[in-house]
Amino acid sequence: MRTAEIAHLLKLEWQLDRRQKHAWGSMALYVVSTIYVCYQGVRHLFDIPIWNALFWIILLFAAFNALGRSFQRENTGRQLYLYTLASPRSVVLARTIYNGITMGVLSLLSLGAYALFIGSSPMNDARLDIFLLVVIVGGIGFALVLTLISALAARAGNGVGLMAILGFPIVLPMLLSVMKASKLALDGLGWDITGKYVLWLVLIDLITVALAWLLFPYLWRD
Amino acid sequence: MKGWWWKLLSVVLLLYVVIVGLGTPLGPALVHASIDRIAPGPISLEATGYNTHFAANTPEVWLENDGQRVCATDVKVLSDVQFSADFNVPEGFRTNLTSLWAWDAADGQVVLREAFFTQGLGTGIAQDDCVVSDAARTSFAFPNRSILNETIRNLFFHVPMWFTMMVLMTIAFWQSLLVLRSGDLVADGKALSAVDVSLLFAALGLITGSIWARATWGGWWTSDPKLNGAAVTVLIYAAYLILRGSVPDPHKRARLAAIYNIFAYVLMMVFIMVLPRLTDSLHPGSGGNPAFNQYDLDSTLRAVFYPAVMGWILLGIWAYTLHQRTARLRSIYDEANDR
């Protein structure tokens, strides 16, 4: 029953986004124009640590931009209507999953654009399978952490500014470990070394989802 | 009045910590030798000690290389902290680093490890009959470690600050859970007070840590998982205060702040506990670096460290109760005066 509810809510999210195509467009444009600005500044980067750090910083800001609107696009009336139909936990799970998928796709697209403009030479010696996995898990992780923060900021009625203040310190640990893991993967190190970082990222993701699931009903109640 | 004994206890403990922690001398050590390389043949050197008592007890002095000893042919005491020694260095030491040792009745054995780069290596020297004393010193003193030196006393201040901060944040976490369960505004006030006081202890922890880092590592701040954890913690709770400031309605504010506090606390704990163990770190207790308690924290340090932890935590809780009571009285006063 609950899974059916979540599936319906996922479908709702999908349809809402299909109707407002500018949402996707704005996300993609944000990433591409950020990368293009960086390209104007640095041209090609060959240094692995800097290439890696710049990529994650761009992705982090893209995540803030993409998820800031997650709980703000609906007006209060529709939100209220939604909450009378579905349980709040289903709402937050559906939205977390949806945001996770969106950010997973967005991070791969960003990587493509980034490699195109800033250069792909740092990926030459990389363990690409691990690196791509880290990029996807990291992107999803940003989405999971920021979904609850986005809801909180929307609830406090203080939009994207508050979201950045609340979100940065919480996302920072994840950013540090994801940077480290992807740096190791770019250096061509195998599972025996990178594995524990990936495991740790997955662990944070799971804890975050569990917390969101536990806390969201209190957030929703007025 | 019942229930104030622990406040008295914290004061007594902290007085003890300040007096004993700052008053106990550091143990004796050798800190400097006038030369830094030795070659086969007669040599003469001057050595400097710290908190040693050479004047009253002429030391036995010897060189040691890979377990093989050469005793000094002559030792002259210059002062309590200085002696000069003559050696006849034989040919054939096995490794290229030789240590300088000394022993006297008051100080026990003191050593300057890997003091001399050694020339004329071979397959070992013919061991002469150099017999040395090893009776330990009996005075109460803190261990004298190179690099740490006198800053080892900071252990009683820096480390308990973080423990106290953690305890207060756990109190705030608990009060936030109560807020979510009952919507109780008093619990919300308690959570806020605990966060306020814990930020004070975080600031003290950062200051004492920064000074310590400057003295031992050479920089006020290094990029290090433990330090990043501390910075993230302070940022999270600063964000908590900003979140509170941006919601005018008290009930909504209590709930939103509680949700953020719980979310942040759990993630922060996971981060602080796990991440330093994943990466390299200069900081004790992480990345393969031993914490103090593995071999550095000997019984003399323990005798002050444990009371210090206890005393600071109790003081932190005391400050928290005071802060929370004044905040409550102020809100009652404001209500009564219709502000």
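Okay, let's start in chain B: strand β4 (residues 60–65) pairs with β5(B) in the antiparallel sense, over 4 bridges. Strands here are DSSP runs of E, at least two residues long, and helices are runs of H or I, at least four residues long, both numbered from the N terminus. Two strands count as paired if DSSP finds at least two bridges between them. In this pair, B:Asn65 sits opposite B:Gln68 of β5(B).

Before I go on, a word on where this comes from. This is a predicted model, where local features need pLDDT of at least 70 and side-chain atom pairs count only at pLDDT 80 or more, while totals for chains, interfaces and linings use all residues. Residues are numbered from 1 along each chain as its sequence is written, chains are lettered from A and ligands numbered from 1 in the order in which they are written, and side-chain values use heavy atoms, leaving out hydrogens and water.

Back to chain B. β4 and β5 belong to an open sheet of 5 strands with mixed pairing, in the order β2-β9-β8-β4-β5. β2 (37–38) and β5 (68–71) of chain B are at the edges with a single partner strand each, so one side of each has no neighbour in the sheet.

Strand β1 (residues 29–33) and strand β3 (residues 41–50) of chain B run antiparallel, with 4 bridges, and B:His32 has B:Thr48 of β3(B) as its bridge partner. β3(B) also pairs with strand β7 (residues 82–89) of chain B, antiparallel again, through 8 bridges. There, B:Pro42 stands opposite B:Asn88 in β7(B).

Now, what is chain A made of? It has 8 helices and 0 strands. Its radius of gyration, taken over C-alpha atoms, is 18 Å, close to the 17 Å from the globule rule for 222 residues, so chain A is as compact as a globular protein of that length. That rule is 2.2 Å times the number of residues to the power 0.38.

So how do the chains meet? The contact (heavy atoms within 4.5 Å) takes 29 residues from chain A and 26 from chain B. About 2700 Å² is buried between them, 82% of it from carbon and sulfur atoms; buried area is the accessible area (1.4 Å probe) that two parts lose on being put together, summed over both. On the chain A side, α6 (128–155), α7 (159–186) and α8 (191–220) each supply at least two of the residues touching chain B.
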